[in-house]
Amino acid sequence: MPYLGLLNGTQVIPPQVADGTTVTCPVCECQMAVVQSHERGSAFVSRHFRHHEQERASELSARSGQITFADLEATGECPGESDEHLKMKSIAYARLEHDFPDASVELESSVGNRIADVLLAFDEPRAPYAKGIAAEVQYRNHGKDIEAVSEHYLEHEYSVVWLKEDDFSEYDVDLSEMLTVWPCALPTRTGTEGYPDVIRWLWQEKSPNVSLEIPIPGEYWASFDKSGEWVPIVHRQLRQRGRAWVTVSRSPTQQVTFQLGKKGRGWDPETERVTVQVEVDDCTELRSFANQLSQRAFGQDRPSKRDRDQPWHDLMTAWFAGTSVVTSWLSASLSPDGDVVLSLGKKHPAETERVSAQVDETAVQALQEVSDLLDKAFEIESSDSVDVFSR
């Protein structure tokens, strides 16, 4: 999906182009139209460009350039070319404009003597954002003093959000990590002057904490009546930002279950999850999957874009034991943007359930730990206990 075009020989991104304007694709030199920001189901799709050839192939008129994704099918093959930093600015602009339709949004606008990548301003100060929101897009540029720049915006009564590559999906951005003005209205003490020596010592960095997984004895769990309850075994995040996770639990019917869940983006995100039953043999399957994920998704065996036969490239699949009427599996794929996506699915006689979540390298260690803890749980359970698990 293109985010960069040429207008009279000058590079432009979608927020800089009015509806109905035609721009030139910098890759294939074909003409492109503007597609407005819109929602596709529960997903947000930011303002972008689309080739006229794709538009004509759908036998629809351009309607002054105000076409939507639902109107058109991706029939062309040219993906366009987007400078990643400009693309990220464009998506941030579109998201802010969508979430705050009564505010003004500008690209590279000044606040005092600093220029914000994207600046949203209100007509009147609004809690908790005060005068507006300054968005700074960090793409392979770590030269900015984040603390000093943030303090500058806060002093000028603007909230600030720092956006990194991990905050962006294909067409959307997560703005939930915003530093707002109101909570920072009172000054904070950052120095140690005036404090007793013992306080200064306590504030010094010490050796890192040491954590140790200790299985809880089966006799302890047996002393509780857990009938009719879900008993958690282990919960692990699959992304550093915590929007995807796996959970292993014991169901009220005494079955061990494996769940993949994710939280959507935006201000009021929805949660999706799928839960499947697992057996002792699935521990080996899950461990093998985690080891393959390390190599094929993040390691030396990861296929290059040229080697991928389809926009969505399947990496591997782990098939769980399931039941006589349910088939369940865990798979990993590369998205058209190169993101690693895990999918957990189960097929009933009448329907299929599936949830897919974007993950990072955190998922490898998380799945390895889950498989190890599952092994311990099944081992202890088979000896002499009912509810014998460790967190």
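Trainee: Which residues in helix 2 are buried?

Mentor: In helix 2 (residues 84–99), the buried ones are Lys 87, Met 88, Lys 89, Ser 90, Ile 91, Ala 92, Tyr 93, Ala 94, Arg 95, Leu 96 and Asp 99. Buried means under 20% relative accessible area, exposed is over 50%, and partly exposed is in between, with a 1.4 Å probe and protein chains only. Helices here are DSSP runs of H or I with at least four residues, strands are runs of E with at least two, and both are numbered from the N terminus.

Trainee: Anything I should know about the model before we go on?

Mentor: This is a predicted model, where local features need pLDDT of at least 70 and side-chain atom pairs count only at pLDDT 80 or more, while totals for chains, interfaces and linings use all residues. Residues are numbered from 1 along each chain as its sequence is written, and side-chain values use heavy atoms, with hydrogens and water left out.

Trainee: OK, back to helix 2. How far apart are its end C-alpha atoms?

Mentor: They are 22 Å apart, which agrees with the 22 Å that its 16 residues should span at 1.5 Å a residue. The expected span is 1.5 Å times one less than the number of residues.

Trainee: What does Lys 89 meet in a salt bridge?

Mentor: Its side chain meets that of Glu 108, at 2.7 Å from N to O. A salt bridge here is a side-chain nitrogen of Lys or Arg within 4 Å of a carboxyl oxygen of Asp or Glu. Lys 89 is in helix 2 and Glu 108 is in strand 8 (residues 104–111), 19 residues apart, so the pair links distant parts of the chain. Lys 89 is buried, at 5% relative accessible area.

Trainee: And which residue pairs with Arg 95?

Mentor: That's Asp 172, with the closest N and O atoms 3.1 Å apart. Asp 172 lies in the loop between strand 11 (158–163) and helix 4 (197–203), and Arg 95 is in helix 2, so the bridge ties together parts that are 77 residues apart in sequence. Both ends are buried: Asp 172 has 6% relative accessibility, and Arg 95 has a relative accessible area of 8%.

Trainee: What about Arg 126, buried or partly exposed?

Mentor: Partly exposed, at 29% relative accessibility. Arg 126 forms a salt bridge with Asp 102, with 2.6 Å between the closest N and O atoms. Asp 102 is partly exposed too, at 49%.

Trainee: How many salt bridges does the count come to?

Mentor: 12 by this rule. Salt bridges that share partners also join Lys 89, Glu 108 and Asp 117 into one network.

Trainee: Switching topic: which residues touch the most other members in the largest nonpolar core?

Mentor: Leu 238, Phe 258, Leu 293, Leu 342, Leu 344 and Leu 367, out of 39 residues. Helix 7 (residues 362–383) gives the most to this core, with 8 residues. A nonpolar core is a set of buried Ala, Val, Leu, Ile, Met, Phe, Trp, Tyr and Cys residues joined through side-chain atoms within 4.5 Å. There's also a second, separate core of 25 residues, which includes Ile 91, Val 105, Val 118 and Tyr 129.

Trainee: What does Leu 238 touch?

Mentor: Leaving out residues up to four places away in sequence, its contacts include Trp 245, Leu 260, Leu 342, Val 359 and Leu 367. Contact means heavy atoms within 4.5 Å.
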